[in-house]
Amino acid sequence: MPQSQLQLDTLSPSTQVIRVRLFASLREAMGWDELLVSPSRAPATPFALWQQLQLARGWRQVQDAMEDEPRMESDGDDLPKGVQVAINQRFASSHTLLRDGDELAFLPPITGG
Amino acid sequence: MGNFRFPVFCISLARESIAPGELLDQWQDRLGFNLGETPAATSLFIGRVRGTTAAGLALEALELEHYPGMTEGQLEQLAGSCAERHGAQAVLVVHRVGRLHPGEAIVVVAVMADRRGQAQRCCQDLLEALKHEAPFWKREWAGGAGRWVGGNTPLERRPQR
């Protein structure tokens, strides 16, 4: 899928639409930077969308490419250590309840400065 | 001094090369004009691109991605809380984005305060905060291949005396 292409998942019964954004290594591993997504189950949280969009697959690829770094896996109930969540451009918990129109971003480890 | 309010923030992202010396001169001139009297202590940090990758290869270029909007917002918030905590009077943060070459300045942080401790501690704290809490991502290019950097190195321990 070309990057920057917005897609609406119309199979979902939910009327909520969340704008999901990926950055850096995670974006390249998944092959998309932005999707409009309707959560497939309640409660709609960042972690639920992480599972729905199968982002763990991309995260595994990211980890494979960094063979000399310690691996940061998910413990099943939460995002892998190292991945942070932003809702409407503010850091947030992965279990925050999402609202219609929210902008949700999954951020791989930050390396600025 | 008029009714100018402390602290004063000057925060920006730069797409092109930055010249830290010129940047500082401009900042100080503008602050002197605004504040009337320049605070007694200034602390400065300039970060430059290293010539080798984390794996020890010769670095061709460093690419910096950011989250437009959130990155600027986080820098402002971090600068604000840091300046308040340390009683700093003015903060300058300029961070590069895009493609950089070895030796180029990647970040400039400068802090003015009445006392050296305030200026130095604020400068160091703000640099550490922005390295971990402002969304930037580095990709190292070497031998024609790019590799995302896995994480920032922790601050070095103080040398033993």
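**Exercise 1.** How many salt bridges does the rule find across the interface of chain A and chain B?

*Solution.* Let us begin with the ground rules. This is a predicted model, in which local features need pLDDT of at least 70 and side-chain atom pairs count only at pLDDT 80 or more, while totals for chains, interfaces and linings use all residues. Residues are numbered from 1 along each chain as its sequence is written, chains are lettered from A and ligands numbered from 1 in the order in which they are written, and side-chain values use heavy atoms, with hydrogens and water left out.

Step 1: take the criterion, a side-chain nitrogen of Lys or Arg within 4 Å of a carboxyl oxygen of Asp or Glu. Step 2: apply the rule across the interface, and two salt bridges turn up. Step 3: look at an example, Arg27(A) with Glu65(B), whose side chains meet at 2.5 Å, N to O.

**Exercise 2.** Describe the contact between the two chains.

*Solution.* With contact meaning heavy atoms within 4.5 Å, chain A gives 25 residues and chain B gives 27 residues. Step 2: turn to area. The chains bury about 2200 Å² between them, 53% of it on carbon and sulfur atoms; buried area is the accessible area (1.4 Å probe) that two parts lose on being put together, summed over both. Step 3: find the main contributors in chain A. Ile110(A), Thr111(A) and Gly113(A) lose the most area to chain B, together 31% of what that side buries.

**Exercise 3.** Is Glu103(A) buried or exposed, and what surrounds this residue?

*Solution.* Step 1: locate the residue. Glu103(A) belongs to strand β5 of chain A, residues 103-107; strands are DSSP runs of E with at least two residues, numbered from the N terminus. Step 2: check accessibility. Glu103(A) counts as buried because its relative accessibility is 11%, and buried means under 20% relative accessible area, exposed over 50%, partly exposed in between (1.4 Å probe, protein chains only). Step 3: list neighbours. Not counting residues up to four places away in sequence, Glu103(A) touches residues including Arg19(A), Arg21(A) and, from the other chain, Tyr67(B).

**Exercise 4.** Which way do the strands beside β1(A) run?

*Solution.* Step 1: strands pair if DSSP finds at least two bridges between them. Step 2: four bridges join β1(A) to β2(A), and these run antiparallel; here Ile18(A) stands opposite Val37(A). Step 3: four bridges also join β1(A) to β5(A), and these run parallel, with Ala105(A) as the bridge partner of Arg21(A).
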